[in-house]
Amino acid sequence: MDSKLQKDAFITYESDAWFERNKNYLSSYKVEKDEVVSLLKQYDLKPSSVLEIGCSAGYRLNAIKHLLPSAEVHGIEPSKKAIEYGRQEFAQVNFTHGTADNLSAFADGSMDLVIVGFVLYVVDRQMIFRVISEIDRVLRNNGQLIIVDFFSETSLKTQYQHIKDFSAYSFKQNYDEIFTASKMYYLLDKSTLNHETKQKDASEDYYNKFSVALLKKDIFASYK
């Protein structure tokens with residue numbers, strides 16, 4: 001399937017459906033178990049501007065706003081239902097309807113922290129570098145990037161199981177490596193967790209794992 005058609009199909013068929021499937025998570029969300037918020041605390045990060053790509057209803061951004069009241073928190077999300085819910089429940093979150101390949105609502109270098117949660121694995125391969133470029137463009141130098149995505153010991157292409165009406169695919173790989181390969185990002189922290197229990201996981205069950213990676217952007221650090 002053409003990449004544009006897959007993107008359009010996800011917006012049409014899956015974005016709202018995903019939110020409806022996972023809506024119950026909002027009532028059970030506990031900030032103390034959120035690995036992203038924990039990283040901010042552990043590294044004493046105090047970003048003044050935060051963008052979460054694929055923010056759902058903004059529950060994590062709301063938690064960050066409570067942790068850092070002076071921060072501006074922004075989310076971009078393809079699900080209109082998620083944004084509608086979020087605007088009612090989390091009034092301090094600034095929502096934009098859109099996708100990761102077009103972050104034109106945000107200026108160059110305008111974000112101290114960008115969070116990308118379970119987004120990159122469904123981005124078409126023909127579009128992945130456009131998405132990477134947009135993330136890099138909006139993140140200021142010396143800012144932080146947090147990537148939450150499926151862990152895989154190898155690169156995997158699989159049928160996207162939630163959609164039956166057309167062929168769509170997910171792509172599992174360690175996306176932090178794309179950024180660190182540039183030598184303009186370096187890895188500060190990475191954890192591997194079980195997808196169901198959300199506990200640290202050192203087992204050989206690679207299929208049911210996800211990772212949380214914290215990177216710092218420093219475009220001159222590697223040049224000696």
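Colleague: What am I looking at, and how is it numbered?

Modeller: This is a predicted model: local features need pLDDT of at least 70, side-chain atom pairs count only at pLDDT 80 or more, and totals for chains, interfaces and linings use all residues. Residues are numbered from 1 along each chain as its sequence is written, and side-chain values use heavy atoms, with hydrogens and water left out.

Colleague: Charges, then. How many salt bridges are there?

Modeller: The count is 13 salt bridges. A salt bridge here is a side-chain nitrogen of Lys or Arg within 4 Å of a carboxyl oxygen of Asp or Glu.

Colleague: Which residue does Glu35 form a salt bridge with?

Modeller: Glu35 pairs with Lys200, with 3.6 Å between the closest N and O atoms. This pair links distant parts of the chain, 165 residues apart. Glu35 is in helix H3 (residues 35-42), while Lys200 is in the loop between strand E8 (185-194) and strand E9 (209-217). Helices (H or I, at least four residues) and strands (E, at least two) are DSSP runs, numbered from the N terminus.

Colleague: Is Lys200 buried or exposed?

Modeller: Lys200 counts as exposed, at 56% relative accessibility. The cut-offs: buried is under 20% relative accessible area, exposed is over 50%, and partly exposed is in between (1.4 Å probe, protein chains only).

Colleague: What about Arg137 and Glu134?

Modeller: Their side chains form a salt bridge, 2.8 Å from N to O. Arg137 and Glu134 are 3 residues apart in helix H6 (residues 128-138), so about one helical turn separates them. Arg137 is partly exposed at 23%. Glu134 is buried at 12%.

Colleague: Which residue meets Asp136 in a salt bridge?

Modeller: Lys217 does, at 3.1 Å, N to O. That pair also links distant parts of the chain: Asp136 is in helix H6 and Lys217 in strand E9, 81 residues apart. Asp136 is partly exposed, with 29% relative accessibility. Lys217 is buried, with 8%.

Colleague: Now a lysine without a partner. Where is Lys65?

Modeller: Lys65 is in helix H4 (residues 59-67). Lys65 is buried but has no salt bridge. Its nearest side chain of opposite charge is Glu72, 7.5 Å away. For charge, Lys and Arg count as positive and Asp and Glu as negative; His and the chain ends are not counted.

Colleague: What is Lys65 in contact with?

Modeller: Ser70, Ala71, Val73 and Gln92, leaving aside neighbours within four places in sequence. Contact means heavy atoms within 4.5 Å.

Colleague: Switching to rings. How many aromatic pairs are there?

Modeller: The whole structure has 10 aromatic pairs. In Phe118 and Phe150, the ring centres are 5.0 Å apart and the planes are at 65°, so that pair is edge-to-face. Rings of Phe, Tyr and Trp (its six-membered ring) pair if their centres lie within 6.5 Å; planes under 30 degrees apart are stacked, over 60 edge-to-face, and the rest tilted.

Colleague: Where do Phe118 and Phe150 lie?

Modeller: Phe118 is in the loop between strand E4 (111-117) and H6, and Phe150 is in strand E5 (residues 139-150), so the pair ties together parts 32 residues apart in sequence. Phe118 is partly exposed at 29%. Phe150 is buried at 14%.

Colleague: Which residues do ring pairs link into a cluster?

Modeller: Phe118, Tyr121, Phe150 and Phe210.

Colleague: And what sits over the ring of Phe150?

Modeller: The charged end of Lys172, 4.7 Å from the ring centre. Lys172 also lies over the face of Tyr207, at 4.3 Å from that ring centre. The rule: NZ of Lys or CZ of Arg is within 6 Å of the ring centre and within 35 degrees of the ring normal.

Colleague: Last one. Where is Asn194, and what does Asn194 touch?

Modeller: Asn194 lies in strand E8 and is buried, at 14%. Not counting residues up to four places away in sequence, Asn194 touches Gln199, Asp201, Asn208 and Phe210. With Asp201 there is a side-chain to side-chain polar contact, at 3.3 Å. A polar contact is a pair of N or O atoms within 3.5 Å; within protein, one must be able to donate a hydrogen and the other to accept it, and residues adjacent in sequence count only if both atoms are side-chain atoms.
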